[in-house]
Amino acid sequence: MAKKLYSALMTAFNEDGTMNDAGTRAMVRYNIDVNHIDGLYIGGSTGEAFMMSVAERKHLFKIAFEEAGDGCDLIAQVGAINLTEAKELADYAVNTVGYKTISAVTPFYYPFTFDQIKDYYDSILDGLDTQLLIYSLPALTGVSLSAEQFGKLFENPKIIGIKFTNADFLLLERVRKAFPDKLIYFGSDEMLLSALVLGVDGAIGSTFNLNAKRTYDEIAAFEAGDNAKALELQHISNDYIMDVIDNDLYPTIKLLFHEAGVDAGICKKPMNAPTPEMKAGAAKIYAKYFN
Ligand code: SI3
């Protein structure tokens, strides 16, 4: 099966923190029309969803779905520390809007037991005709699941895989070997090549919003057995990713969209508003990697 690339969709905001629908729709279009992306991951970390109200998250699901049409796969990230809200978001995404696939971040902040985490996923899925990707991101959530624990979550047949944002390659290898039929989408863009070697099904990430072509070329080189070319492309991507992180990750990706002619709005506070220095930095990055 061909490996798939998903951009983690950004949400455009105005200076007053309200949603900028035109900007979000324009980023959906860019991903479909210019990147020819396989899919979009909507309302994740890159989408700033954890700083949005339930009403805003629902609205995001609706406009992204409307704009994308059948142009690419869509995954709605419904996870929230408030399980009632996560269930409401899942029900809305699936039954009101029509998403076929959802994802949910592991519940975070409190040190929940594994049984509580399993109950969270089973509760989100209860009564819903859908499929779900576990969103595992230990660096930000503090929640690390073992291969055995992933296996217990997979006992729910609606759970089809993992968005694996983790640099633990032994765990990745163990999960890959134990669950060959489950989907694993890797989420640390700067380590994609190593994850490809371990047999991931694709990747979901923020940096593909602008860097999709180079990443598709890397995957193609890897699949053709040209590891030297794949590594050369990963080196360039990592130079790009490091430059973007140094310039402030999410605000800079929006500034890069501006450089590409897409009015992507800005980030929501407490993320940074773009400064003149950040704008100049983004212009340099765009010229260096995309011209
Ligand atoms: O929206 C999302 O949930 C993601 O994009 C997750 C994805 O794994 C990204 N992680 C975070 C925390 O943003 C990566 O794409 C990440 O931005 C990239 O590898 C740069 O470090």
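In which hand does α3 pass α4, right or left? The crossing of α3 past α4 is right-handed. This is a predicted model.

**The α3–α4 pair**

Two packed helices are described by the angle between their axes and the distance between the axes. Here the partners are helix α3, residues 83-97, and helix α4, residues 114-125. They pack at an angle of about 35 degrees. Their axes lie 9 Å apart. On the α3 side, the contact is made by Leu83, Ala86, Lys87 and Ala90. These meet Tyr120, Ser123 and Ile124 of α4. By class, the contact of α3 with α4 has 5 nonpolar residues, 1 polar and 1 charged.

**The chain as a whole**

The chain holds 12 helices and 8 strands. Its C-alpha atoms fill a box of roughly 50 × 45 × 35 Å along the principal axes. How does the radius of gyration agree with that of a compact globule? A compact globule of 291 residues would have a radius of gyration near 19 Å, and the chain has 18 Å, so the two agree. Buried residues account for 43% of the 291 residues.

**Around the ligand**

The ligand is surrounded by 17 residues. The closest are Ala8, Gly44, Thr46, Gly187 and Gly205. Sorted by class, the shell has 10 polar residues, 5 nonpolar and 2 charged.

The table sets out C-beta neighbour counts. A residue is buried at 20 or more other C-beta atoms within 10 Å, exposed at 12 or fewer, and partly exposed in between.

| Residue | Other C-beta atoms within 10 Å | Class |
|---|---|---|
| Ile63 | 19 | partly exposed |
| Ala283 | 14 | partly exposed |
| His36 | 13 | partly exposed |
| Tyr109 | 9 | exposed |

Ile63 sits in helix α2, residues 54-68. Why is Ile63 partly exposed? Ile63 has 19 other C-beta atoms within 10 Å, and a buried residue needs 20 or more. Which residues does Ile63 touch, leaving aside neighbours within four places in sequence? Asp21, Thr24 and Arg25 are in contact with Ile63. Glu15 is another matter. Ile63 and Glu15 are 48 residues apart along the chain, and their C-alpha atoms are separated by 20 Å.

Ala283 belongs to helix α12. Ala283 counts as partly exposed because 14 C-beta neighbours lie inside 10 Å.

**Backbone points to check in the viewer**

Two residues other than glycine have a positive phi. His36 has a phi of about 50 degrees and is not a glycine. His36 is in the loop between α1 (21-34) and β2 (39-42). With 13 other C-beta atoms within 10 Å, His36 is partly exposed.

Tyr109 has a positive phi near 75 degrees, and is likewise a residue other than glycine. Where is Tyr109 found? Tyr109 is in the loop between β4 (101-105) and α4. Tyr109 counts as exposed because it has 9 C-beta neighbours inside 10 Å.

A cis peptide bond runs from Lys269 to Pro270, with omega near 10 degrees. Pro270 is located in the loop between α11 (249-259) and α12 (276-290). Helix α12 is also where Ala283 lies.

Notes: Residues are numbered from 1 along each chain as its sequence is written. This is a predicted model: local features need pLDDT of at least 70, side-chain atom pairs count only at pLDDT 80 or more; totals for chains, interfaces and linings use all residues. A residue is near a molecule or strand if its C-beta atom, placed from the backbone, lies within 6 Å of it. Ala, Val, Leu, Ile, Met, Phe, Trp, Tyr, Cys and Pro count as nonpolar, Asp, Glu, Lys and Arg as charged, and the others, Gly among them, as polar. Axes are lines fitted to C-alpha atoms, for helices over the stretch in contact, and angles run from 0 to 180 degrees between N-to-C directions. Helices (H or I, at least four residues) and strands (E, at least two) are DSSP runs, numbered from the N terminus. A crossing is left-handed if the near helix is turned anticlockwise from the far one by less than a right angle, and right-handed if clockwise. Two residues are in contact if their C-beta atoms, placed from the backbone, lie within 7 Å. The radius of gyration is taken over C-alpha atoms; the globule rule is 2.2 Å times the number of residues to the power 0.38.
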